[in-house]
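Hi,

Here is the structure I promised to pass on.

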Amino acid sequence: MSTKQSFYLRHERAILGTVMVLMALLVWEGLERGWWADALHPILGESAERLQLERIFISSPTLVASAAFRMFFVTGEIWRDIAWSSLGYGLGLALAIAIGIPLGLAAGWYRRFSYAIDPFLSALNATPQVAFLPLIVVWVGTGLGARVLIIVLLAVLPIAINARAAVRITDPRLIKVAASFGAGDFRLFRTIILPSAVPFLLAGLRLAIGRGMIGVVVGEIYGSAAGIGAMISQAGSRFQTDKVFVGVLTIVAAGMILIEIVQHIERRVEAWHPPVQV
Amino acid sequence: MTPKLEAQDIRLDYFQPRTNTRLTALAGVNLQVMDGEFVSIVGPSGCGKTTFLSVVDGLITASAGRILVEGKVVTKPGPDRAVVFQDASLLPWRTVLGNVVYGLECIGTSKREAQTRAAHFIDMVGLAGFENHYPHELSGGMQQRVNLARALVMDPKILLMDEPFASLDAQTREAMQEELLRIWAKAGKTVLFVTHQIDEAIYLSDRVAVFSGRPGKVKEIITVSIERPRALGLKRDARFHAIEDRIWSLIDDDTDRSRHA
Amino acid sequence: MAVPINVDQDAPDERTRPAESGWAYERFVIGGSTLLAVLLLWEVFARSGLIDPLFISSPTRVAQAGFGLLQDSDFWNDLRVSGLEFLFGYGLAVAIAIPLGLAIGLSRRLQYMLSPFVDTLNAVPRVTLLPLIVIWAGIGIWSKVVVVFLGAVIPILVNTQSGVKASEARFIRVARSFSASRLKIFSSIVLPGTVPFVFTGLKYGAGRALLGVVVGELYASTAGIGHMIAAAGNTFQTDLVFFGVLIFMVTGLVVVALLDGLEQRFERWRPDVH
C-alpha cells in the first residue's frame with residue numbers, strides 16, 4: 001500500500017467531508033453569480049437561465065461572509081443583539097435548571113410524587129411547547145418575561161425527565177452498600193445518588209441547550225425589538241438574505257460552543273463513568 | 001479411505017499495520033477426521049483452536065494450506081459444514097422455529113420442507129412444544145439446543161462446535177454433554193469439537209487433538225478407546241484419569257514455556 | 001443490543017421504606033386525582049374572580065369555547081390545514097429518511113460525505129430558517145410542510161443510521177457461516193435489528209414535526225390551528241387559545257400512542273417493550 005493510499009484511508013472521513021462541503025459552497029456561489037448559467041448556456045440555451053438565482057433567495061458564501069464581517073467588525077451591530085439574546089437565554093436556562101433539577105430529583109426519589117406529576121410532564125412533553133407562546137404573551141406581554149418563560153418551558157423538560165431517570169437508574173447495589181454502612185437518607189442522596197446522576201444531568205443539559213435556542217428565537221420573532229432572532233426576522237422581511245444567514249450561523253455557532261463546553265465536562269466525568277446513551 | 005475432513009498444513013498469519021509486525025496464529029496444522037468420528041481439540045489459551053475452526057468453516061482464509069471435505073477443497077462457508085458457536089446467537093426477533101430454519105432459508109430451501117425438517121430436529125434436541133417461543137423466553141441451555149438444532153437441520157457433512165457449553169453452569173453443562181452424545185448417536189454426524197475443558201473432550205470424543213501454544217500446531221493426538229455408550233460416571237474411571245493426566249502434562253509443558261518465554 | 005433507556009422502568013425501590021407496598025393502580029389513582037385537583041382549583045380560581053378570567057380562562061369556559069368551535073366551519077378548515085401540513089411533511093420525511101438512513105448506515109463512504117450536511121442541519125434550529133423558508137415558499141401550506149419535513153427528517157435519519165450500525169456482529173457471523181448472501185444478511189439481520197431504532201426516531205420526529213406546524217403557523221400563516229391560537233391570543237380570547245393548545249397536546253399524545261402500538265406489533269419478541 002503506497003503512502004498516499006494509506007494517508008487517504010486514515011483521513012478518509014475528514015477528506016471526503018471537506019471535499020463535499022467545498023463542492024457545496026462552490027455550487028452555491030456559482031448559483032448566485034451565474035457561473036453554471038453562463039457555462040451551460042451554449043448547451044441548454046434559454047433554460048440555462050434557471051441556473052442562476054436571485055441573491056434575495058439564496059445569497060452566496062461570499063456575500064454572507066462579507067455581511068458577517070461588516071456586522072461583527074465594522075458596525076458591530078450584531079454584538080448588541082447577541083447580548084440581548086444572551087440575557088434572555090441565560091436567565092431562561094438558569095431558571096429551567098433551578099426548577100428542573102429539584103423537580104426531577106424529587107420525582108425520582110419519591111415514587112408517589114412522580115405519579116402525581118407524571119400526567120403534567122407527559123402532557124407537556126407531548127405538546128409542542130411553543131404553542132403556549134400566545135398564552136404567555138397574554139399573561140406577561142411581549143418583552144423579557146415572555147422570552148424567559150418560553151425558554152423555561154422548552155428547556156425544563158429534558159432536564160427534569162433526565163434527573164428523574166438518573167435517580168431511578170442508580171445502581172441498587174451501591175445503595176445497598178451505603179445502607180449497610182448505616183447511611184441516612186440525606187447522606188445516601190449526597191454521596192451515592194447525586195454523583196451517579198451527574199452524567200444523566202449533563203446529557204439533559206445538552207438537550208436543553210438546543211431547545212432553549214429555539215425558545216430564544218421564537219420568543220424574539222414573536223415580539224422583540226432586538227436580539228438575534230428579531231434581527232433574523234427583520235432582515236427576512238426586508239429580503240436581506242445575507243444577514244439572515246449571518247444570524248443563523250451565529251446561533252448555530254453559539255449552540256455548538258455551549259454544547260462543546262458541556263461535552264468537555266461530560267468527558268471529564270466520563271473518566272469514571274461509562275458514557276450514557278440518551 | 002478418504003477422510004471426511006482434512007486440514008493440510010494450515011498456516012495463518014496476521015499482519016498488524018499499526019505496529020508493523022507479523023503474528024503467526026497457526027503454524028501448520030494437520031488433522032484428519034474420519035466419517036462418523038467425534039474429534040475434540042484442546043489446548044492452552046490463545047493457541048488458536050477457535051481460529052482453526054473458523055478456517056475450517058471458511059469464515060477466515062488461511063495464509064497457506066488447504067481444507068478438504070470428502071476430498072474436495074473448500075475455501076468459503078458452505079452447507080457441507082455447520083457451526084455451533086459458543087454464543088447461541090439466536091436471532092431475537094425470530095421464534096425457535098424461525099431460528100432453526102434460518103440456515104435452510106439462506107440456501108434457498110422451500111418453506112414447507114424447511115419447517116418439516118426443523119420440527120424433526122427441534123424434537124431431537126428435546127424442545128418439542130417450544131417452536132413458537134422467543135429466545136428471551138429460553139434458558140441458556142435451551143438456547144444452545146436450538147443452536148444445535150439449527151446446525152443439524154442443515155444436514156452438514158461436518159458439524160463444527162466451538163466451545164458450545166462454555167457459558168453454561170456446571171450441572172447444565174454435564175447434562176448437555178450427555179444430551180449431545182445421545183443426539184450424535186442418533187444423527188450419526190462427523191464432529192469437530194473445540195473446548196477448554198479436558199474432561200469434556202475426553203468424555204465426548206473418539207480422539208483428542210492437543211494443540212501446542214501459540215503459534216498453534218497439533219502437538220499430539222490421543223485416542224480415547226473407552227467404549228460407547230458412555231455414562232457421565234465414566235469421568236471417575238481410572239482409564240479416564242490416565243488420559244486426563246496425559247493431556248494435562250502435554251498442555252502444562254506449553255503453558256510453562258509460554259510463561260517463561 | 002444498544003437500546004435507548006426506558007425511563008419508565010422502575011429501579012428497585014429499596015431506598016423507600018421496604019414495608020411500603022403499592023397497589024396495582026396506584027399510579028393512575030394518584031396521577032388522575034392530582035390532575036382533577038388541579039382542574040378543580042383552576043375552575044375555582046377563575047370563578048372567584050381573584051384573577052381576571054380573561055387571563056386564565058377556566059376548564060368550563062375552554063370546553064364551551066371548544067364546543068362552539070366544533071360548529072364553526074373555519075375551525076374545521078384550520079384543522080384540515082394543520083393536519084395536511086403535518087401529514088405531508090412527516091410522510092415525506094419518513095419516505096426519505098428511512099431509506100437514506102439505511103444507505104448511510106451501510107456505506108461508510110456515504111456517511112463521511114453526507115455527515116457534514118446532516119450535522120449542520122441538526123445544529124440549525126429550524127426556527128431561524130423560517131424567514132428564508134417563507135421567502136422561498138410563501139406563507140401558504142408549503143412553507144409549513146418544509147418546516148415539518150426538516151424537523152422530522154433528521155431524527156429519523158440519525159436513528160435509522162444508528163440502528164444499522166448497531167447490527168450485532170455475532171448475528172452477522174451466524175449468517176455468514178450459513179453462506180448467506182449480502183442481501184440476505186441485510187434483510188434477515190440488519191433490517192429487523194434496526195426496527196427499534198427506527199421507532200425511536202419516528203417518535204422524536206413526530207414531536208418535532210408537530211412543533212414545526214406550530215412554529216411555522218405562528219410565524220406566518222393564513223390558516224391552521226397555530227394561526228388560530230395566535231389570532232385568538234391577539235384578541236385575548238384565552239379560552240380559544242387553551243383549546244388550541246389542547247388540540248396540539250391531544251394530537252401529540254395520540255400520535256405517540258399510535259406509534260407505540262405499532263411498535264408493540266413489530267417487536268413482540270422484545271422482553272422489555274413498554
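**Where B meets C**

Chain B and chain C bury about 2,000 Å² between them, with 67% of that on carbon and sulfur atoms. Bear in mind that this is a predicted model. Chain B puts 24 residues into the contact and chain C puts in 20 residues.

On the charged side of things, two salt bridges turn up across the interface of chain B and chain C. In one of them B:Glu105 partners C:Lys184, and their closest N and O atoms are 2.6 Å apart. For polar contacts between chain B and chain C, the count is six residue pairs. On the side of chain B that touches chain C, the elements giving two or more residues are β6 and α3 (102-106). Of these, α3(B) gives the most, with four residues. The residues on that side of chain B split into 14 nonpolar, four polar and six charged.

**The sheet in chain B**

Chain B also has an open sheet of six strands, in the order β6-β7-β8-β3-β9-β10, with mixed pairing. β6 (81-84) and β10 (218-223) of chain B each have a single partner strand, so one side of each has no neighbour in the sheet. From one strand to the next, the twist averages 20°.

Within that sheet, β3 (residues 38-42) and β8 (residues 190-194) of chain B run parallel and pair over four bridges. There you'll find B:Ile41 opposite B:Val194 of β8(B). Helix α5 (residues 140-152) of chain B packs on the sheet, touching β6 and β7 (158-162) of chain B, and its direction makes about 175° with that of β6(B).

Cheers

How values were computed
Residues are numbered from 1 along each chain as its sequence is written. Chains are lettered from A and ligands numbered from 1 in the order in which they are written. This is a predicted model: local features need pLDDT of at least 70, side-chain atom pairs count only at pLDDT 80 or more; totals for chains, interfaces and linings use all residues. Side-chain values use heavy atoms; hydrogens and water are left out. Two strands pair if DSSP finds at least two bridges between them. Axes are lines fitted to C-alpha atoms, for helices over the stretch in contact, and angles run from 0 to 180 degrees between N-to-C directions. Contact means heavy atoms within 4.5 Å. Buried area is the accessible area (1.4 Å probe) that two parts lose on being put together, summed over both. A salt bridge is a side-chain nitrogen of Lys or Arg within 4 Å of a carboxyl oxygen of Asp or Glu. A polar contact is a pair of N or O atoms within 3.5 Å; within protein, one must be able to donate a hydrogen and the other to accept it, and residues adjacent in sequence count only if both atoms are side-chain atoms. Ala, Val, Leu, Ile, Met, Phe, Trp, Tyr, Cys and Pro count as nonpolar, Asp, Glu, Lys and Arg as charged, and the others, Gly among them, as polar.
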